[in-house]
Amino acid sequence: MKKVIVQFNFSGLSSKIYDKAWEELRAKGYSNPKGLLHHVGGIQGNNLVICDVWESQEAFNKFGEILIPVISKLGFPNVKPTI
């Protein structure tokens, strides 16, 4: 399988909303999403930056089916990741 790096850059979001997203994901049983090899997220300037390494594009896409509704509900802007 081909590994992929996925980066999100959310302007103006805080670390609190990032933490809330992880709380929601853990509550749904996704504290260790299948296919996620590495994850880092943090504030850079006025942006929330998230960078993941996935075992494949397919693994990321599958998790996106869970992730997108969660972050949309929390008010994350609709941002296309850099892959």
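## Glu-24, a buried residue in H1

Glu-24 is buried, because its relative accessible area is 16%, and buried means under 20%. This residue lies in helix H1. The model is a predicted one. Which residues does Glu-24 contact, leaving aside its neighbours within four places in sequence? They are Val-70, Lys-73 and Leu-74.

## Tyr-18, also in H1

Helix H1 holds Tyr-18 too. Tyr-18 has a relative accessible area of 15%, so this residue counts as buried. Not counting residues up to four places away in sequence, Tyr-18 touches His-39, Val-40, Gly-41, Leu-48, Ile-50 and Phe-76.

One of these partners is Ile-50. Tyr-18 and Ile-50 are 32 residues apart in sequence. In space, their C-alpha atoms are 9.3 Å apart.

## The chain as a whole

The chain has 2 helices and 3 strands. Along the sequence they follow the pattern β-α-β-β-α. The radius of gyration is 12 Å, close to the 12 Å that the globule rule gives for 83 residues, so the chain is as compact as a globular protein of that length. The C-alpha trace spans about 35 × 25 × 20 Å along its principal axes.

Of the 83 residues, 37% count as buried. The chain exposes about 5400 Å². Carbon and sulfur atoms supply 52% of that area. Contacts reach across the sequence: among those between residues at least 6 apart, 71% join residues at least 24 apart.

## The sheet

The 3 strands form an open sheet, in the order S1-S3-S2, with antiparallel pairing. S1 and S2 stand at the edges, each with a single partner strand, so one side of each lacks a neighbour in the sheet. From one strand to the next, the twist averages 10°. H1 packs on the sheet and touches S2 and S3. The direction of H1 makes about 155° with that of S2. H2 packs on the sheet as well, touching S1 and S3. The direction of H2 makes about 20° with that of S1.

## Pairing, strand by strand

How many bridges join S1 to S3? There are 8, and the two strands run antiparallel. Val-6 has Asp-52 in S3 as its bridge partner. S1 has two faces. Val-4, Val-6, Phe-8 and Phe-10 are on the covered face. Ile-5, Gln-7, Asn-9 and Ser-11 are on the uncovered one.

Strand S2, residues 36-44, pairs with S3 over 8 bridges in the antiparallel sense. Gly-41 has Ile-50 in S3 as its bridge partner. His-39 stands opposite Asp-52 in S3. S2 and S3 form a hairpin with 2 residues between them. In the turn, Gly-45 has a positive phi of about 65°.

## The nonpolar core

In soluble globular proteins, nonpolar side chains tend to be buried together. Here, the largest nonpolar core has 22 residues. Which of them touch the most other members? They are Phe-8, Phe-10, Leu-48, Trp-54 and Phe-76. H2 supplies the largest share, 6 residues.

Take Phe-76. Leaving aside neighbours within four places in sequence, Phe-76 is in contact with Phe-10, Leu-13, Ile-17, Tyr-18, Ala-21, Leu-48 and Ile-71. Phe-10 and Leu-48 are also among the core residues that touch the most other members.

## Lys-2, an exposed residue

Is Lys-2 buried or exposed? Its relative accessibility is 68%, so Lys-2 counts as exposed, the cut-off being over 50%. Lys-2 lies in the segment before S1.

Not counting residues up to four places away in sequence, Lys-2 touches Glu-55, Ser-56 and Gln-57. Lys-2 and Gln-57 are 55 residues apart in sequence. Their C-alpha atoms are 7.7 Å apart in space.

How values were computed. Residues are numbered from 1 along each chain as its sequence is written. This is a predicted model: local features need pLDDT of at least 70, side-chain atom pairs count only at pLDDT 80 or more; totals for chains, interfaces and linings use all residues. Side-chain values use heavy atoms; hydrogens and water are left out. A nonpolar core is a set of buried Ala, Val, Leu, Ile, Met, Phe, Trp, Tyr and Cys residues joined through side-chain atoms within 4.5 Å. Buried means under 20% relative accessible area, exposed over 50%, partly exposed in between (1.4 Å probe, protein chains only). Helices (H or I, at least four residues) and strands (E, at least two) are DSSP runs, numbered from the N terminus. Contact means heavy atoms within 4.5 Å. Two strands pair if DSSP finds at least two bridges between them. Axes are lines fitted to C-alpha atoms, for helices over the stretch in contact, and angles run from 0 to 180 degrees between N-to-C directions. The radius of gyration is taken over C-alpha atoms; the globule rule is 2.2 Å times the number of residues to the power 0.38. Accessible areas come from the Shrake-Rupley method with a 1.4 Å probe; for residues, only the protein chains shown count as cover.
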